[in-house]
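Here is a protein model to explore together. Keep the sequence and the 3D view side by side as you read.

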Amino acid sequence: MIGPWVLWGGPSFRHGVHPEASKEATNRLPIERMPFVERYVVPMSQHTGAPAVPVVRRGERVHRGQIVGRPHGYLSVAVHAPVTGVVEAVEPRPHPTGTRQLAVVIRADPFDPQRAAHIRPADPRWLPREEILRRIQLGGLVGLGGAAFPTHVKLDVPEGKRVRFVVLNGCECEPYLTCDHRLMVERRDAVVRGLRILMQVTGCERGYIGIEADKPDAIEALQAEARDDPRVEVVSLRVKYPQGAERMLIETIFHREVPSGKLPLDLEILVQNVATAAALADLFDRGQPLIERVVTAAGDGLRRAANLLVPIGTPLADVVEHCGGLREEARQVILGGPMMGQAQKTLEAPIVKGTSGVLAFSRPLGFVEEDPCIRCGRCLEACPMILNPSRLAALARQQDVEALERLHALDCFECGSCAYVCPSHIPLVQLIRVGKALVRQARRTRQVA
Amino acid sequence: MSEAPRLELRAAPFLHRGLSTRRLMYEVLASLVPVVGAAVYFFGVAALLVVLASSAGAVLTEWFFGASRRGLGTLRDGSALLTGVLLALTLPPALPLWMAFLGGVVAIGLGKTIWGGLGQNLFNPALVGRAFLQAAFPEALTTWTPPGRDLWSVPASTFAWPFMRADVDVTTSATPLGLAKFAGQPTELEALWFGNTAGSLGETSAVVLVVCGLVLALRRVFDWRLCVSTILGVALLSGVLHAVLPEQCPPPAFTVLSGGLLFGAVYMVTDPVTTPLTPLGAWIFGSGVAVLVVLIRVWGGLPEGVMYAILLMNAATPLINRYSQPRPYGG
């Protein structure tokens, strides 16, 4: 039970909403390793940027941890085999985004002990910067909070810029999700070790770990772990959505705003998810690339809720099966959280690097007919970016690109707070998404002209 | 592997706070029950008849224009009924019912439908209806009956035939504002607080309005800033004016508790459609209403100015919205 002392405990950003957290089902369940299944589907596109290029062929034997897709250019990372087995196909397969994307399909070898093919562990202190970044890129590391941005690009601080503060994001403000929470409790050493690696690579002075106040055990665990490091501070934050958004986290901890169109780096700040930090520690200390991640399976449509350590590429159907299957009344399956996740039409898509949750619900919101906007202003008071969502949505309908751009449509990161509060059930996020696409298109045209 | 169930595809967010426009309208309607109750208590069953007539005019007009949609159409959201009830509560108790009905028709027809329906109108529909009645029937709209009538006795004017002159069978009296302005007579604050004065149906009892306003604000049905800025603005401005010109301007407690100010601040100024979206805009709007109310009451020819003050500020709302946009994060 979250009392008001937790809701108001600690600093926060402006605006935002308070959806029911619904984390009780899984926040005390230890992470369990999901057993290996028969077949894995590893999409080449699991990150922001160019998809990886397959380097294996049908019929080829691959080892767990071996690279099956090499990065294509700078804004791209490697993709690895999550299991030892034989490549069954290299072809487009269903992807969490609802499209079909090129994937390497691997049939697991049931007789193999499935030990990961490790690269040699290395202490980043003795490696040159280029080598560290190369290892991170080839280790397949991306932000595990959901956006899946390549980690090596974020760490590649351009000439003339520097990082003074590294912030680990342990907010986990999306309802239902507890994967980061459990990771912070159970793998506190890896999280803090990852933070130290990040600080060392960027040469920064101070590290922060921001955690919402409804996870006292995680706060305690990381405080204990970082006790004798005066450079690291664990910050307890007020429970509010979207506290885990990069810009909101920065506003809360530093009382500063990232200027529109700029990056946290312009404030000399680097934000990484706690799970990314742990993956970084695994990469350098154990030589394990990103081949598995923690996923929360929850919701009233699943027979059993769990926090699972899942090999990346595990088909959704197998994860659901492992949780006892869907209940008969399940009507909706979401990858990610309920505020920003993606609904699935089928269970064919695999778990990818950015998948934080598998949620199944028996009573989805459904289609609610849209009422006219009554200009109540609730969306304005919800928007953490202090935008005017109702106006942006109306402008998107009118395709008024100029006004959309002037009113900062591109600053919207689609957290869904506006649509969550709208009494008229206007699909604000979808409309603004259309508006953003229009602005981007206009910018491209202008560049060409 | 289990057979894949029929899964619903939809875009995020998959959660909703559960508010709907319909629920907001019905919450306001529910809060009006004690206000109507007070009106019946002070002015007898004729008050209820005025409420019914005005609502019938509003609802039938909405139904007439919304009939293209299946079933109840736009009636379901409750906004037409709300407009009808709000209009009635700004009318005098002995008003002929046909006028109340006509007011409801004009409120929805001219106040809302011709603008494009819910959410599109510039002016508060209920006040458009009242402004029409005030212009068309100035005499009837300023005929006030004293409170404390027998519950079941209805003035003859209530059932007057359309466009026929009915004799007002009751003693008429002036409102506290009229008494103060034209006769220099003060009214007991206690009477203003409880509502034991002449006036429009819903405006007389300050205590009922304060309680209803608090409930609506705490339940977040409306933006409290609009309501508070209006009342606070009137109190401050009339306080200053009273200190400078005690002859012309009554004390702030009287100004706030008399006339339609509290009713307007709780139920008219807080109409989301016709007032600014932004928090800063809300403060500007309320302050503007306050200035106009005090100006009209102190220096205008009319004893009361809440209706015109709100309608004038309604007209300024698009402009206020435009210039009160908050600075975006990092912008």
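Where in chain A does A:Y176 lie? A:Y176 lies in the loop between β9 (165–170) and α4 (179–186) of chain A. Please keep in mind that you are looking at a predicted model.

## Chain A as a whole

Let us begin with the overall picture. Chain A contains 14 helices and 17 strands. Its radius of gyration is 22 Å, close to the 22 Å that the globule rule gives for 449 residues, so chain A is as compact as a globular protein of that length. Along the principal axes, the C-alpha atoms of chain A fill a box of roughly 65 × 60 × 50 Å.

How much of the chain is buried? Of the 449 residues in chain A, 57% are buried. The contacts also say something about how the chain folds back on itself: if you take contacts between residues at least 6 apart in sequence, 73% join residues at least 24 apart.

## A sheet of four strands

Now find the open sheet in chain A with the strand order β2-β8-β7-β4, where the pairing is antiparallel. At its edges are β2 (39–43) and β4 (61–62), each of which pairs on one side only. As a general point, strands of a sheet pair through backbone hydrogen bonds, either parallel or antiparallel.

Zoom in on one pair of this sheet. Strand β2 of chain A runs antiparallel to β8 (residues 100–108) of chain A, and five bridges join the two. Within this pair, A:Y40 stands opposite A:I106 in β8(A).

A:I334 sits in strand β15 (residues 332–335) of chain A. Is A:I334 buried or exposed? With 25 other C-beta atoms within 10 Å, A:I334 is buried, because the cut-off for a buried residue is 20 or more.

Leaving out residues up to four places away in sequence, A:I334 touches A:G341, A:Q342, A:A343, A:L359 and B:F14. A:I334 and A:P96 are 238 residues apart in sequence, yet their C-alpha atoms are 9.4 Å apart in space.

## Where the two chains meet

The contact between the chains takes 51 residues from chain A and 35 residues from chain B. On the side of chain B that touches chain A, there are 19 nonpolar, ten polar and six charged residues.

Most residues other than glycine have a negative phi, and most peptide bonds are trans. With that in mind, return to A:Y176, which has a positive phi of about 75° although it is not a glycine. A:Y176 is also buried, with 31 other C-beta atoms within 10 Å. Another positive value belongs to A:R375, whose phi is near 55°. You will find A:R375 in the loop between β17 (357–361) and α10 (378–382) of chain A, and A:R375 is buried, with 21 other C-beta atoms within 10 Å.

There are cis peptide bonds to look for too. In chain A, the bond from A:Y241 to A:P242 is cis, with omega near -5°, and A:P242 is in the loop between β11 (232–237) and α7 (246–254). In chain B, the bond from B:A12 to B:P13 is cis, also with omega near -5°. B:P13 lies in the segment before α1 (21–43) of chain B.

Note on methods. Residues numbered from 1 in each chain as written. Chains lettered and ligands numbered in written order. Predicted model: local features only at pLDDT ≥ 70, side-chain atom pairs only at ≥ 80, totals over all residues. Pairing = 2+ DSSP bridges. Contact = placed C-beta atoms within 7 Å. Nonpolar A, V, L, I, M, F, W, Y, C, P; charged D, E, K, R; others polar. Rg over C-alpha atoms; globule rule 2.2 N^0.38 Å. Buried ≥ 20, exposed ≤ 12 C-beta atoms within 10 Å, placed from the backbone.
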